[in-house]
Amino acid sequence: MIEMIDVWKTYPNGVMALNGIDIHIDKGEFVYVVGSSGAGKSTFIKCMYRQEKPTKGNIIINGKSLTKVKERNIPYLRRQIGIVFQDFKLLPKLTVYENVAFALEVIEESPKVIRKQVMETLELVGLKNKARFLPDELSGGEQQRVSIARSIVNRPHVVIADEPTGNLDPETAWGIMEVFEEISNRGTTVVMATHNKEIVNTIKRRVIAIEGGRIVRDEKRGVYGYDETPDPLSTH
Ligand code: ADP
């Protein structure tokens, strides 16, 4: 469960990126975060994994306050949240297996548990046969699958993704969405900022629209709703 209570974020340069956000996301929900460029989506997402600290307000994830946590405990808190970025952020000199295993090695899991969980996760994302490959030997879609595997290998309750299909062609993007659907079907909460109108309008889920740092729309089975913005991934 994710709760944001009256969250405000003003950057040091004076830009007011979030202006009083109240939101409640239940366990297992799948939520798209949409909005025009500069609306505050990334700031919203970054506050959710404590990359940015709100100027005011409280964020609670699975009963733990992200805003009250001590700096030194932030890494522990982040480990309970899987994070997927637009640009994958894989370690280039490590194999697929090692990139995914790394997330478990830092929490000192036993080699046996690591092997089992990494292989199970690679199977889930469809990359079991590429465990020994290096990131630059993979396509963009495959690299994103590795980064998703890394984000879920320690079985977090929440996966947060900031434009995960932003760098991918439409067909590959659909494949990535299937992986997120599977993760969601297993009961994991998924929060995804996206500009992908076709996906939002086809795989109908809750849509939270942000404009000017405020929530302007929150619909159970919503639509993208920005016809004026050309969709970079549209095939039409
Ligand atoms: P979106 O993800 O919807 O494009 P952002 O959250 O990135 O929006 O940005 C919201 C506003 O905050 C924009 O006006 C942006 O220029 C500003 N902003 C984002 N990050 C920073 C930062 N680190 N410092 C100052 N201003 C920022």
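How do the residues in the lining of the largest pocket divide by class? The points below take up this question first, with the reminder that the structure is a predicted model.

1. Largest pocket, composition. The lining comprises nine nonpolar, five polar and four charged residues. The volume of this pocket is about 590 Å³. Of its 18 lining residues, Arg78, Ile81, Ile83, Ala103 and Arg150 lie nearest the centre.

2. Largest pocket, origin of the lining. Four elements each contribute at least two lining residues: helix H2 (74-78), strand E6 (81-85), helix H3 (96-105) and helix H5 (140-152). Strand E6 provides the largest share, with four residues.

3. Second largest pocket. Here the volume is about 250 Å³. The lining divides into four nonpolar, five polar and three charged residues. Helix H4 (residues 111-124) gives the most, four residues. Among the lining residues are Gln117, Glu120, Thr121, Leu124, Arg155 and His157.

4. Six of the eight residues of helix H1 (residues 41-48) are buried, namely Lys41, Thr43, Phe44, Ile45, Cys47 and Met48. After H1 comes Arg50, with a positive phi near 65 degrees.

5. The Arg50 pairing. The side chain of Arg50 meets that of Glu71 in a salt bridge (3.6 Å, N to O). The two residues are 21 apart and connect distant parts of the chain: Glu71 is in the loop between strand E5 (64-65) and H2, and Arg50 in the loop between H1 and E4.

6. Salt bridges elsewhere. The structure holds 14 salt bridges. In one of them, the side chains of Lys56 and Asp6 meet at 3.1 Å, N to O. Lys56 belongs to strand E4 (residues 56-61) and Asp6 to strand E1 (residues 2-10), so this pair ties together parts that are 50 residues apart in sequence. Lys56, at 45% relative accessibility, counts as partly exposed, and Asp6, at 28%, also counts as partly exposed.

How values were computed: Residues are numbered from 1 along each chain as its sequence is written. This is a predicted model: local features need pLDDT of at least 70, side-chain atom pairs count only at pLDDT 80 or more; totals for chains, interfaces and linings use all residues. Side-chain values use heavy atoms; hydrogens and water are left out. On a 1 Å grid over the protein atoms alone, a cavity is a set of points where a 1.4 Å probe fits but cannot get out, and a pocket is an open set with protein on both sides within 12 Å along at least five of seven lines; lining residues have an atom within 4 Å of a point. Grid points are joined across faces, edges and corners, and a volume is the space filled by probe spheres set on the points. Ala, Val, Leu, Ile, Met, Phe, Trp, Tyr, Cys and Pro count as nonpolar, Asp, Glu, Lys and Arg as charged, and the others, Gly among them, as polar. Buried means under 20% relative accessible area, exposed over 50%, partly exposed in between (1.4 Å probe, protein chains only). A salt bridge is a side-chain nitrogen of Lys or Arg within 4 Å of a carboxyl oxygen of Asp or Glu.
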